[in-house]
Amino acid sequence: MKRSYIINLLMILIICITFTTHSTAQDGTGGHPLNTSWKQIDTKAVKVIYPEEIEAQAQKVANYINYLYDQQYFTVGTRRNKVHLILQNNQTQSNGYVGLAPFRSEFYLTPPQDKNSLGDIDWATLLSIHEYRHVLQYSNIENKLGILAYIIAGENGVSNMAYYLVPNWYFEGDAVLSETVLTDQGRGYIPSFFNEQKALALAGKNYNYQKARNGSYKDMVPNHYKLGYNMIRKGRELAQDGEVWKNVMSSTMGLYGLIYPFSSSTKRYTSLKTPALYKTVQNEMYSKWMKGWNENTFTPSTSVLNTKERFVTNYENILVRNNKVYALRSSYAETPSIVSISNNESTHIKGVANISSNQFDVHKNRIVWSETSIDPFYSNRTYSIIKTFDTQDLSIKSLTKKTKYFSPSFSPNGKYIAVSSFSPTQESTIAILSSSTGLVQKEINPYMGAPVSYPKWSVDGNSIIYISNYANQLAIIKQDVNSEKTTLLTPLSNHIISQLDVDDKEVIFSASYNGTDNLYSVPLDGSKNIVQKTTTKVGAYSPAIDRNRHRIYYNEFTHMGTKAVYCDDNQVVASNIKVGSLKDVAMFPITKGKNEHNILPDSIGNKERYPNRSYNGLGRDLSLHTWGYINVNDAYSLGIEVSDFLNNLSFKTSYGRDFSLNRNNLHLNSVYGALPVKLGLTYDKYLYDKETSQGDIEIEKQNITLDQTLNKDQDSYMVNLFVPVRWYGSSFQHLAQIGTNFGYNKLNEKLDITSVRFREPLFQKTIQKETTNSLELQLRGMHNMAQMNLIPKWGYHAYLGYTQTNAEITLSTSIKNDYDPHKVGGNQWNILLRGYAPGLFPNHGLEVTFTSMENSSNELRTLSPIYQTPRGYNYYNVSYTKDNQVYQIYQTEGQSIQCNYRFPICYPDWGFGGIAYLKRVRANIFYDAEKFDTYNTETKAINKINRSSTGIEISLDTQWINTKPVEIGWQCTYAPDDILRIEKSPWRYRFFTSFSF
């Protein structure tokens with residue numbers, strides 16, 4: 001075998017064995033109430049697990065996935081592993097994922113309001129196509145090297161290998177291309193999917209592959225979905241083979257190539273390595289767009305704000321109300337907020353970082369928006385509630401609770417609010433709410449029962465105009481509020497229609513009719529006479545009609561974000577258009593593979609009625625998914641991990657070696673999280689190495705040599721109970737948690753002493769029993785962070801911990817067995833208070849932390865889990881010998897404060913060889929101070945000590961092998977109060993790294 005192949009193989013195996021899983025699973029344990037009535041549909045391709053009220057969606061998903069299974073789409077490979085799929089109907093986010101350890105998928109079934117993001121395909125159908133492609137990808141990774149990784153470490157090993165060996169753009173790009181070729185209207189045909197690349201091309205910016213792969217904190221860089229789609233599409237085209245990436249992946253799993261098997265395999269089948277393929281894609285797209293821009297005339301527009309933005313900034317949901325312009329502003333340095341724009345300035349009104357559909361409305365002095373809320377106890381229950389803000393008295397009011405309401409719109413008289421509503425059964429309605437109480441005044445069944453986006457009131461208040469997503473198509477509908485009669489204002493088509501505005505005669509909206517998102521108008525009379533209003537180079541969105549100034553406000557997509565602009569009515573060159581197919585205006589054709597064709601007819605989703613049965617019960621469907629190396633209690637261990645697919649119950653067991661303490665460790669752990677009170681059980685058995693030694697003693701004036709053998713073992717039991725409670729504010733996320741631990745620890749020591757002078761061996765037994773009870777309370781709230789923020793703009797964290805420890809030490813020997821037990825006990829209090837505040841400039845931040853540790857007994861030496869020692873010093877602990885007796889001076893209690901001022905220095909966006917990439921350089925200026933008590937075991941004296949330090953930290957935020965974030969830092973500390981005199985100089989220097997796997 002080639003030496004390079006062996007080296008690569010060893011490196012990959014080390015990754016599979018050593019590092020923990022890069023998991024896509026949800027954080028926390030448990031996310032569903034225990035009384036949820038779960039059902040299952042079990043087929044050859046998938047086991048669908050779902051709440052019983054969404055039977056129709058479960059049947060549709062099962063039919064589509066089994067159809068995809070039967071069609072044998074081998075463009076990704078021939079393996080088709082069965083997957084467990086959980087359908088979530090109580091989430092407000094529109095998403096899905098497939099993950100390993102265990103191998104499962106989850107669909108969040110509430111469809112998105114904005115069809116520009118994911119298209120107009122029925123949401124459950126799109127998830128089935130896209131996520132099942134990931135299932136096939138993971139199935140075919142278990143090939144060659146993937147099989148070996150699975151044998152060594154289970155699904156954990158396969159996940160690690162895939163994460164480090166295959167670029168993330170392959171997985172998402174291939175899935176987006178799959179949804180496109182199987183529907184003829186997926187994201188690969190949606191103009192807005194290419195907006196970032198188009199905007200960068202228009203600005204003359206052509207980033208290299210490393211920047212495209214690793215991203216940037218300061219610059220707009222298309223994500224791995226967009227990068228991947230174009231790479232996958234172009235690879236098929238160059239190879240003239242729809243199955244080329246199957247061959248690339250098979251070659252990668254065989255470790256073809258010296259350093260980057262995936263890139264080498266790509267060249268093997270497309271003639272280009274990944275950087276060269278990326279460059280080819282960029283040149284193709286840029287040249288086509290430039291040609292189109294040179295051949296067309298575009299609508300002149302005027303910026304509402306002439307100031308130059310320092311960061312990528314978006315102005316969305318443009319509104320004209322009260323003769324003012326309003327917008328939702330966000331940037332890479334700021335979280336979303338509602339602003340008003342006038343006199344070339346934007347004025348902050350209200351932060352709404354948790355806004356759920358990027359839509360708000362204004363009526364006189366009131367602003368309304370929908371906001372994400374969360375169930376206090378169950379992470380898989382989220383809501384979208386309606387809130388209002390009064391700009392006069394600055395009061396905030398929550399009009400609804402535990403609802404799924406989106407895109408609120410005030411009625412012309414301000415008495416009512418129309419919202420897009422979704423029920424737990426995923427039925428869509430238009431709810432008319434009282435704007436003062438939030439109570440439902442009327443529910444309107446929309447056109448054909450299809451999902452509704454962006455409801456708006458007509459000027460007379462008699463109708464609601466909205467976008468309907470029916471049968472994988474979109475149309476604008478006008479519906480009478482009283483009679484519920486519907487009128488199609490635009491024909492149904494698979495073109496994307498997004499934000500709209502209404503006046504007394506027409507609707508103006510954004511649509512993809514000509515291959516670029518532009519503004520169009522259509523009369524309210526139902527004539528379907530569509531007129532194009534703008535011609536833009538990248539895209540025009542969020543129109544707002546201003547009849548007083550005879551202009552249209554909207555936002556244009558640029559490389560610095562979406563810019564608020566307007567064009568006067570006399571600048572609009574109107575032209576009538578006919579609506580065709582989305583695919584007909586796509587610029588980049590796709591090379592299809594065998595059997596790839598449009599599968600969208602609804603008959604597939606209703607092809608078969610699968611039988612169902614209950615899926616309730618503790619520990620149902622436990623999966624042994626991971627084995628091999630794991631790190632437990634600092635021991636190098638071999639273990640297994642088992643969990644259920646609902647993430648309610650997990651087990652972990654391992655046996656390993658702690659070389660530093662010369663002991664073996666048997667570890668058992670279980671966590672149950674289906675109740676508001678989470679339960680954890682842990683057992684550890686420690687077996688220490690036998691210690692042998694010889695010692696001389698003088699008996700009857702003779703030196704006697706003794707052989708001593710020490711045998712030691714330890715049993716540790718822990719019961720952990722905790723209750724996490726979460727809630728959201730307009731821009732904050734909060735957590736309150738109460739927890740308690742009950743621990744019991746038993747240490748057995750036996751010292752055997754033998755000598756030829758003794759007829760009977762002597763022994764000494766020590767049994768130490770320790771019980772620990774603790775109670776922890778913590779409360780924290782963090783302001784949402786923007787992309788460039790180093791720490792939260794505002795935030796707090798408070799922790800209070802109480803620990804009661806009682807220890808009993810019993811000594812017995814072969815001479816006397818009735819030594820009285822020695823008892824030690826006491827309490828420890830731990831306090832942490834931390835606050836965050838803005839710094840002097842954008843992306844600067846101040847963090848101040850206070851910690852305190854207090855012990856009721858000086859004999860207790862339990863280290864505080866949260867106490868922070870000033871940088872440059874160690875925890876105070878000194879040993880000395882006097883009269884052949886060892887004594888100690890150690891820290892018993894104290895208070896400390898740490899102040900950090902963090903700020904960015906620069907954003908190099910530079911790398912070399914695909915090995916390391918430097919994204920940001922940042923600094924932290926700090927000051928620490930501490931006062932604490934020490935206890936001397938000889939004199940029983942207590943001394944008080946003060947010490948402080950100050951310094952600076954320089955950190956490099958890097959990305960290694962285009963995958964793993966690693967912080968590399970240097971710290972310089974001035975610590976003048978080192979009373980131990982361990983260091984000759986008060987200056988301390990150290991390098992540090994921070995990363996996780």
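Is Asp568 buried, partly exposed or exposed? Asp568 is partly exposed, with a relative accessible area of 22%; buried denotes under 20% relative accessible area, exposed over 50%, and partly exposed the range in between (1.4 Å probe, protein chains only). The model shown in these views is predicted: local features need pLDDT of at least 70, side-chain atom pairs count only at pLDDT 80 or more, and totals for chains, interfaces and linings use all residues. Residues are numbered from 1 along each chain as its sequence is written, and side-chain values use heavy atoms, with hydrogens and water left out.

**View 1. A salt bridge between Arg551 and Asp568.** The two side chains meet at 3.2 Å, N to O; a salt bridge is a side-chain nitrogen of Lys or Arg within 4 Å of a carboxyl oxygen of Asp or Glu. Arg551 belongs to strand β28 (residues 551-558) and Asp568 to strand β29 (residues 561-568), and the pair links parts of the chain 17 residues apart. Strands (E, at least two residues) and helices (H or I, at least four) are DSSP runs numbered from the N terminus. Arg551 counts as buried, at 16% relative accessibility.

**View 2. Helix α9 (residues 224-239) and its ends.** The 16 residues of α9 should span 22 Å at 1.5 Å a residue, and the end C-alpha atoms are 22 Å apart, in agreement; the expected span is 1.5 Å times one less than the number of residues. Asn223 caps the N-terminal end, with a side-chain oxygen 3.0 Å from the backbone nitrogen of Tyr225. After the helix comes Gln240, whose phi is positive, near 50 degrees. Buried residues of α9 include Tyr229, Met231 and Arg233.

**View 3. Arg233 of α9 paired with Glu284.** The side chains of Arg233 and Glu284 form a salt bridge of 3.0 Å, N to O. Because Arg233 lies in α9 and Glu284 in helix α12 (residues 274-295), the pair ties together parts that are 51 residues apart in sequence. Both residues are buried.

**View 4. Strand β45 (residues 885-906) and its antiparallel partners.** Strands are taken to pair if DSSP finds at least two bridges between them. Nine bridges connect β45 with β43 (residues 845-855), where Glu847 stands opposite Asn900. Six bridges connect β45 with β44 (residues 877-882), and Asn877 has Tyr890 as its bridge partner. With β47 (residues 916-936), β45 pairs over 16 bridges, among them one between Ser896 and Glu930.

View 5. Arg920 and Asp957 meet through their side chains at 2.8 Å, N to O.

**View 6. A nonpolar surface patch with Ile961 among its members.** The patch, about 790 Å², is made by Leu258, Ile259, Tyr260, Trp910, Phe912, Ile915, Trp960 and Ile961. Patch residues have over 30% relative accessible area and no salt bridge; like charges are joined within 9 Å and nonpolar side chains (Val, Leu, Ile, Met, Phe, Trp, Tyr) within 5 Å. Accessible areas come from the Shrake-Rupley method with a 1.4 Å probe; for residues, only the protein chains shown count as cover. Leu258 is exposed at 53% relative accessible area. Ile961, in the loop between β48 (942-960) and β49 (964-974), is partly exposed at 34% and has a positive phi of about 45 degrees although it is not a glycine.

Technical notes:
Polar contact = N/O pair within 3.5 Å; in protein donor to acceptor, adjacent residues only side chain to side chain.
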